[in-house]
Each structure stands twice: as structure tokens, then as C-alpha cells.
Amino acid sequence: MTSRERVVAALNHQTPDRVPIDLGACGQTGMQVSVVYKLRQALKLDPPGTPVKVTCVFQMLGEIKPDLLAAVGGDVVGVGLPYTMFGAKVEDWKEWTTFDGTPVLIPTSFNTKPSANGDLLQYPQGDETVPPCAKMPKDGFYCDSIVRQDPIDDDKLDPMDNCEEFRLLGDDDLSILKTNCDKAYNETDKAIMLGLPGMAFGDIALVPGPMLKHPRGIRDMEEWYMSTVSRRDYIAKVFEYQSEIALKNLARIYDAVGNKPNVVWVSGSDFGAQTRSIVSPRAFRSLYVPYMKKLNDWIHANTTWKTFIHSCGSIMNLIPDMIDAGWDVLNPVQTSAANMDPQTLKDRFGDKVTFWGGGVDTQHTLPFVKPDDIRAEVRRNLEIFGRGGGYVFNTIHNVQQGVPVENLLAMYETAQAFKGE
């Protein structure tokens, strides 16, 4: 099978020639840039000191070039719009060295000048005349949002204030998506994951408006979560407007790219914590599902795309409603969270949803144990999730800084060698 055929078979719950592998097709299946650098060096893909591009400045993910994708047996490539989390277009690169000494190429809009305490302050759209929207703490590896919440006056709250970031895509954006999809489709045999912007309802990474110069409305993350109960009508109006814009964009995107994408990343909203879901099934069903279903129904009625939702945490009690909402693919399959046993997940939902992730625990296993233990966990999860298709191998969320290269090599060697049934 080609990579594309392999992934399509898995998405259709058929048994492929081997379990497909994803590395870096979206912002939750990638690898921190320092680890990408070390892996490329270990595989002798670059001379020492060759910088790696940072493709996501918020999470500091490294570029997965075709040679590295081939080396790990990767079957999926990602396509999206060239904007940073902070709203700046990625148009040029500059050299920089991360706090841990890794040589990288960073978008020119990323501020590398430290503040008085050594933090790197980041600015919306690269505009340093407005307050910063994020920071990378001194000696840190990632960025943290800075909440810019104006005092809230409930009598003056307007749901449209929380809708500024939702816009109709321009012709330039659509042209970029078309060009990149065409290139991936015609020049590779990989499955294509297309990132759809502005369609995740209540994505807490985006609620603070890191791309906006002067965010209005409810922008404090804690206040937002409380508002899903105390200001439920307000949140519903935000979702309603967001879904109207999203449906218009879906039609325009489909006109541009057609059925070249195999799977579309739609939602990165997290609904689970380590021990339980952070929303009840009843609240999820009434507040989120109707709007999710609108988008999924349109996609399924008009395209061949499979829809992808990312949610960390313990979400076993929400999965039936996610399936009812029309989701085809569930990521990252956090088996380290409470009540997320792999066998139970596969037995209950394996014929209804494709699991994308869950290959190895990135919190406790991948960074800390020996390669033989990595091989055993990967093999065990592949035997469970890979049975009968409906599975794409990936770690549980992104590979984090500090993971030993020998553990990564053990993981990918085991995944590539596994044949299953």
C-alpha cells in the first residue's frame, strides 16, 4: 500500500498492510524543536549545527521534513495557513538559539530580545506597540499566553466581542490552501490532513485572543470556563456566529481543494483533565454538540473528508456524544488519564471512531524509561488499537523536550515493524 491508501484503509476501519504512522501532520502530533534537532542528528540527516525550522512558535514544534518523515515511516502530511498563533504571517526566517542551545530558524515576527527578567515577550501580529500576548519564560521551552482581560461589565457584554477572530477567508488564503493541497497530492503519496481555521468551539488556547491586538469580551481562561455555566446564552451566541462563518468558509475551502484532503483537523478544544472530564455529558450535549454537528454534517454531506477532533484528558463519558456529533477521528487518546483504558476504548468505540494517537505515554513512559520498556508499551497498544483498522499511530500529544533519542528510535522501529493481524 501507499501511505495514502494505508491511511484511507485505517480511516474506513479496514486492515491496512501495517498500522499508519503520523508525525507532525498537525499541532498535536508533532515534536518539540530540540528533539527534532537531536533526532535528525542521530539519523545523520544533517551536518552538526544545521538549524531546524520552528513551525509552531507557541508550542515550539520543529519542522518534519520529508527525509525525517520517511525515516520514521510517516504516512501523513499536514496542510494549513501560514500564520503563527500570534497572528503574524510566516513570510521569512531568522536564526536563533533556544535556551537549551538548539540552533533553529524562527519566524521573523518572533521576538528574541529578552525583557529585563530574561523572558521573551511575544506580541500580536508582531506589533510591539501594543501589550504582549504571550511570553516564553527565561530558560523555558514553550510560550504561555498572557491574559489581557478588560474589567467585565455584564450589562455591556456583547457576544460579538468574542467573535473578532472569526472571519471569512480571503482569496489569498484559499489560494495558499489550494496550492499546498495540490502539491501534497501530486508530489507525494502521503495522506493529507488539512487544518481548518476558526472551527473549534471554545478552544482555550485561542480564547485569550493571542492573535488580536486589543481582545474584547471574555478573554480570561478561568472566566471563560465559568461563563459556560453562568453566561451560557452569551457563549451560545458566540458559537452560533462562529458556526455561521465556519459553514461559509467550509464551502469556499471545498471549492478550492476538493476531495484531495483525506482528513480535516477541525477542533482542538480540550474537554478532559487528568481524572475526569471538565464538562458534564449533559452540558457537552446541549452547549457544544449542536454546533459541532452542524459542521460535521456539512462536511459529510458535501465531501469525502474525515473529521478530526483533539481533546486531551479523561473523556470516556463524552465519547458517545462526540460520535453522535459526527466526529470520525479522536486524538490524542490519552490512555494515561483516568478511565481511558486502551482495551475498553477499542471494545466500546473501535468500530465507530478512528483512534489517532495513544501509541505511547508521553508523560510518564517516553521521557523516563528504557528503550525495551518503550518497545513493550508500543507493541501492546498497537495490538489493541490496530486490530481491524481504525487506528493511526502517534504519541499521546506532541513529543516533549528532553525525550532521549534512543527512546524515540525504539518507538518508531517498533511501530514500523508491527504487522498486526
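**Cysteines, salt bridges and a pocket**

Trainee: Is C143 buried or exposed?
Mentor: C143 counts as buried, at 5% relative accessibility. Keep in mind that this is a predicted model.

Trainee: How far is the sulfur of C143 from the closest cysteine sulfur?
Mentor: That distance is 8.6 Å, to C133, which is too far for a bond.

Trainee: And what about C181?
Mentor: The closest cysteine sulfur to that of C181 is in C26, 15 Å away, again too far for a bond. C181 is buried too, at 0% relative accessible area.

Trainee: Switching to charges. How many salt bridges are there?
Mentor: The structure holds 23. One of them pairs D154 with R231, with the closest N and O atoms 2.7 Å apart. D154 sits in the loop between β8 and α4, and R231 in the loop between α5 and α6, so the pair ties together parts 77 residues apart in sequence.

Trainee: What does K294 pair with?
Mentor: E240, at 3.0 Å between the closest N and O atoms. K294 is in α7 and E240 in α6, so this bridge ties together parts 54 residues apart in sequence.

Trainee: Last topic. What is the volume of the second largest pocket?
Mentor: About 210 Å³. Its lining has eight nonpolar, two polar and two charged residues. R232 and D270 are among the lining residues. Helices α5 and α7 each supply at least two residues of that lining.

Conventions. Residues numbered from 1 in each chain as written. Predicted model: local features only at pLDDT ≥ 70, side-chain atom pairs only at ≥ 80, totals over all residues. Heavy atoms only, no water. Disulfide = S-S within 2.5 Å. Buried < 20%, exposed > 50% of the residue type's maximum accessible area, 1.4 Å probe, protein only. 1 Å grid on protein atoms, 1.4 Å probe; cavity = no way out; pocket = protein on both sides within 12 Å on 5 of 7 lines; lining within 4 Å. Points joined across faces, edges and corners; volume = space filled by probe spheres on them. Helix = DSSP H or I, 4+ residues; strand = E, 2+ residues; numbered from the N terminus. Nonpolar A, V, L, I, M, F, W, Y, C, P; charged D, E, K, R; others polar. Salt bridge = Lys/Arg side-chain N within 4 Å of Asp/Glu carboxyl O.
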